[in-house]
Amino acid sequence: MRRQVEPSFLFNRFSSKSISMRLRLFFFLLVLVLTMMAGIIVILLVTGTFSAGLKESKQLLSRELKYVSQDISLQYGQLSVQAVDFSKQLSSQIEEYLNTKQQNINELSETPEHIEELITSLYQNTYFYLEKSNCSGAFVILDTTVNPALENSENSKAGLYLKNLEPNIISSSSPNTTLLRGFFSIGRENSLNLHTQWRMEFDVSEADYYHIPMEEARKNPRLPISKLYYWSNPMIIPDTSEEVMICCVPLIDSKNNIYGVCGLEISMMLFKLSHMPTNNTYPRMFCMFSRLTDNRLSIENSMLAGGYSIKDFSEENTFLKITENSKSYNNYQSDEGRIYLGYHTQTQLYPNGSPYSQHNWVTAVLVPKEDIVNSITRLNIILVCLLCLLITSGIIISIIFSNKYLKPISEGLEMLRTESSSELAKTNVQEIDELIEYLAVYKNELQQKAEQEKHQITILEQFIEKTKTLTPAERSVFNLYSKGLSAQEIASTLFLSINTIKTHTKHIFAKLGVASREELLLYISMLEDIGLEMNP
């Protein structure tokens, strides 16, 4: 039997060697708070909350790129189709006029009045396609000049250029149209204001948008006109100030005679208004449409839309070098060392079989690197501060609770140490008052308990004797039952069938005088409590 421990001994041992209940409770609550915080941190790490800002910004840029690239592809595709149709209409009209006059395009320079008459007749179609296409400009350039005797006349070409000064008013039925190039009489007859940078003829000395389509048309006489249109790099037309991108189509008659070029224009302003990023998370996010050459994007020859003007921070002929990253953002570094993060995708401007199909145009959505880094850092700082606040609050609450709820208990225990149990007053703390009542009947309980234990020992000794009647097989099953195993587990351990185990169990219960496994375990537990052992 176990030795009985007197209460006074417990008090002395507790006061001399143990930690106070207040400190224990404080540590318990503190560990609880810290464990909860650690759990929260682990959950945040596993779910990627600390990197959620990075993941969300990647999704944001990818989604923005998807929408912008689709819009650009649609806009440029529609303008290409309309420019080709524009060329067909003008080519037919010019061919008919020249047949009527019995002239060819090279002979027109000898009759300036015919040039003016022809270009004036082209006004209606030009204005119609300017209005229909919702572009910022429409033009036609003929391979002739009014003044062939002038110096550098080979680079002066007659034509017509109409500009829409309000391309953002997409639904407007009457564009705010001005005359940028063409005869003054056209503007007067059609109530058009002259553009502030008006000239009568085009200077094509450096006009790739004029020479390239003409040359390719001569090289590829069998190609349909639908494969001969050409998109120029973003540029500033001579004697103007606005940057534009032009879709140029050669003017070819039914006999493959080339009259010049015509086309439609997208100004930088129209591009910005059409493709401005819609998300406000990164105010300096911008869209970039540029040709891809040697894995680099030309900043100078690009169309831009957004809240950040990369050209303001770049010198002439500056490129963005692309470093692709399949797991994170692509890296775009300028020659000056500025880094932008984002994504790009190829935008097809030309059909298969076009002489310009090797030109790779891409749409990119970019953000200055410091904007993304600052955004993610700011989010993580907020999360860390919130966690620190929760931990601090938990510590403070632990201190308050440990002081508040253990003070009366400590006072009651102090009374028990200093006074006789028979003279103790009520403390109004239920647990302490119950302890006092317990001490009052402690001696009586000890006596009753001694008698009960004596009776229990007799019963348990009889139980031990009965176990000696078990067969070796039954003894093996009994030993495993004593270890807490179930019948199924015993069957697996002894490699016997469950029916065999049930049979042994039935015999064991009968011999030991028990009715269930629970009663059997109760006897074993009682034996362990009083220190009696069974012989194996």
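These are my notebook entries on a predicted model of one protein chain.

**Ground rules.** I number residues from 1 along each chain as its sequence is written, and side-chain values use heavy atoms, with hydrogens and water left out. Since the model is predicted, local features need pLDDT of at least 70 and side-chain atom pairs count only at pLDDT 80 or more, while totals for chains, interfaces and linings use all residues.

**Overview.** I looked up the secondary structure and got 15 helices and 16 strands. Helices (H or I, at least four residues) and strands (E, at least two) are DSSP runs, numbered from the N terminus. Of the 536 residues in the chain, 43% are buried. For burial I use relative accessible area: buried is under 20%, exposed over 50%, partly exposed in between (1.4 Å probe, protein chains only). I then checked contacts (heavy atoms within 4.5 Å). Among those between residues at least 6 apart in sequence, 61% join residues at least 24 apart.

**Cores.** Which residues have the most contacts inside the largest nonpolar core? They are Tyr76, Phe139, Tyr209, Trp231, Ile246, Phe271 and Phe289, in a core of 76 residues. Helix 3 (residues 52-101) gives the largest share of this core, 11 residues. A second, separate core has 22 residues, including Leu460, Phe463, Val514 and Ile530. By nonpolar core I mean a set of buried Ala, Val, Leu, Ile, Met, Phe, Trp, Tyr and Cys residues joined through side-chain atoms within 4.5 Å.

I clicked on Trp231 next. Leaving out residues up to four places away in sequence, Trp231 touches Tyr76, Leu79, Ser80, Met245, Ile246, Cys247, Ile266, Leu349, Tyr350 and Trp361.

**Helix 12 and its neighbours.** My axes are lines fitted to C-alpha atoms, for helices over the stretch in contact, and angles run from 0 to 180 degrees between N-to-C directions. Helix 12 (residues 472-482) packs on helix 14 (residues 498-512) at about 85 degrees, axes 9 Å apart, so I file the pair as roughly perpendicular. The cut-offs are: under 35 degrees roughly parallel, over 145 roughly antiparallel, 65 to 115 roughly perpendicular, the rest oblique. This contact has 7 nonpolar, 3 polar and 2 charged residues. Here Ala, Val, Leu, Ile, Met, Phe, Trp, Tyr, Cys and Pro count as nonpolar, Asp, Glu, Lys and Arg as charged, and the others, Gly among them, as polar.

Helix 12 also packs on helix 15 (residues 517-530), at about 75 degrees with axes 10 Å apart. I looked up who meets whom: Phe478, Tyr481 and Ser482 in helix 12 against Arg517, Leu520, Leu521 and Ile524 in helix 15. By class I get 5 nonpolar, 1 polar and 1 charged.

**Positive phi.** Asn134 has phi near 55 degrees and sits in the loop between helix 5 (123-133) and strand 1 (137-142). Buried or exposed: which is Phe495? It counts as exposed, at 75% relative accessibility. Phe495 has phi near 60 degrees, in the loop between helix 13 (487-494) and helix 14.
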